[in-house]
Amino acid sequence: MQSKENPKNKKEKTAAVILAAGRGTRMHSDVPKQYMLLNGRPLICYALKVFQDSFVDEIVLVTEAGEEARCRREIVEAFGFSGVTAIVAGGRERYHSVANGLNAVSADCDYIFIHDGARPFVTQDILESALETVRETKACVAAMPVKDTIRIADENAFSVSTPRRDRVWLMQTPQVFEASLIRTAYAQLLQEADRLAAEGIQVTDDAMAVETLLHHPVKLFPASYENIKITTPEDLITAAGFLEKHDPFTGRAPL
């Protein structure tokens with residue numbers, strides 16, 4: 001049985017904000033990505049299943065504006081996701097969607113997990129590692145070291161430098177934070193978004209918001225190379241293969 005208590009036996013409260021508000025234009029489909037079928041189930045169901053079966057106390061699902069009722073009917077109620085405590089509308093940019101999700105999380109929450117619903121292969125082990133790391137650092141991100149050499153190019157696509165491969169990581173989700181830290185970062189981000197844009201600073205994820213606005217370090221912890229984001233039609237083929245050995249609905253475990 002999974003414990004919901006930290007090493008000091010203080011009761012913790014954890015929440016997850018799961019993002020499913022994107023249209024998925026790179027999928028070349030009129031169907032919103034969260035409803036696209038993977039092995040007969042809507043894509044978003046896989047991440048929801050893992051979080052519901054975990055130690056997480058509440059789940060806030062962020063969907064495209066106007067899709068809240070459909071999401072409740074076709075996803076939450078149809079698949080019995082009783083752990084979903086709120087369904088909220090996303091915003092114009094990713095950070096607007098995250099901010100809306102954070103607003104729906106209980107005020108007494110200790111840690112908040114932010115996860116892309118298009119990453120169906122998050123696991124219980126990843127969530128446990130995230131919780132252990134965030135307790136120590138207050139801010140952490142699932143990630144994996146790159147396998148390939150990375151080249152930095154100029155504006156004309158000529159190679160200009162090669163970073164050390166052992167220092168380059170692929171960012172994933174969940175990105176996990178002490179609740180007060182991420183709430184403060186997003187409050188500042190909403191206030192300073194115009195200034196940042198004018199300075200050419202684009203905040204592309206939650207870790208960057210914490211680093212840029214609060215100057216708080218973010219710890220990277222190893223997750224899994226299978227924790228992919230479904231972005232293009234080719235990714236669905238890869239995902240189908242992963243499900244052959246790891247499907248949270250059937251109980252098959254990784255080899």
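Here are some friendly notes on the predicted model shown above, going from the whole chain down to single residues.

1. **Ground rules.** Because this is a predicted model, local features need pLDDT of at least 70 and side-chain atom pairs count only at pLDDT 80 or more, while totals for chains, interfaces and linings use all residues. Residues are numbered from 1 along each chain as its sequence is written, and side-chain values use heavy atoms, with hydrogens and water left out.

2. **The whole chain.** The protein chain has seven helices and 11 strands; these are DSSP runs numbered from the N terminus, with helices being H or I of at least four residues and strands E of at least two. Its radius of gyration is 18 Å, close to the 18 Å that the globule rule gives for 255 residues, so the chain is as compact as a globular protein of that length. That radius is taken over C-alpha atoms, and the rule is 2.2 Å times the number of residues to the power 0.38. Along the principal axes, the C-alpha atoms fill a box of roughly 50 × 40 × 40 Å.

3. **Surface and contacts.** The accessible surface of the protein chain is about 12,900 Å², and 49% of this belongs to carbon and sulfur atoms (Shrake-Rupley method with a 1.4 Å probe; for residues, only the protein chains shown count as cover). Of the 255 residues, 45% are buried. Buried means under 20% relative accessible area, exposed over 50%, and partly exposed in between (1.4 Å probe, protein chains only). Among contacts (heavy atoms within 4.5 Å) with a separation of 6 or more, 75% join residues 24 or more positions apart.

4. **The sheet.** Follow the strands in the order β5-β4-β1-β6-β10-β7-β11 and you have an open sheet of seven strands with mixed pairing. β5 and β11 (219–222) are at the edges with a single partner strand each, so one side of each has no neighbour in the sheet. From one strand to the next, the twist averages 25°. Two strands count as paired if DSSP finds at least two bridges between them.

5. **Strand β1.** Seven of the seven residues of β1 are buried, so this strand is largely enclosed by the rest of the structure. Thr14, Ala16, Ile18 and Ala20 point one way, while Ala15, Val17 and Leu19 point the other way. In general, side chains in a regular strand alternate between the two faces of the sheet. β1 pairs with β4 in the parallel sense over six bridges, and its pairing with β6 is also parallel, over six bridges. In β4, Ile18 has Leu61 as its bridge partner, and Ala16 stands opposite Ile59. In β6, the bridge partner of Thr14 is Tyr111.

6. **Helices around the sheet.** α5 lies across β6, β7 and β10 and runs at about 105° to β10. Axes here are lines fitted to C-alpha atoms, for helices over the stretch in contact, and angles run from 0 to 180 degrees between N-to-C directions. Helix α3 (residues 94–103) has seven of its 10 residues buried, so it is largely enclosed by the rest of the structure. The buried residues of α3 pack against β1, β4, β5, β6, α5 and α6.

7. **The cores.** The largest nonpolar core has 32 residues, and Val17, Ile112, Ile114, Ile182, Tyr186, Leu189 and Val210 have the most contacts inside it. α5 gives the most to this core, with eight residues. Apart from it lies another core, of 31 residues, including Phe81, Ile126, Leu131 and Cys140. A nonpolar core is a set of buried Ala, Val, Leu, Ile, Met, Phe, Trp, Tyr and Cys residues joined through side-chain atoms within 4.5 Å.

8. **Backbone details to look at.** Most residues other than glycine have a negative phi, and most peptide bonds are trans. The bond from Thr173 to Pro174 is cis, with omega near 15°, and Pro174 is found in strand β10. Asn39, which is not a glycine, has a positive phi of about 55° and is in the loop between β2 and β3. Lys138 also has a positive phi, near 75°; Lys138 is in the loop between α4 and β7 and is partly exposed, with a relative accessible area of 38%.
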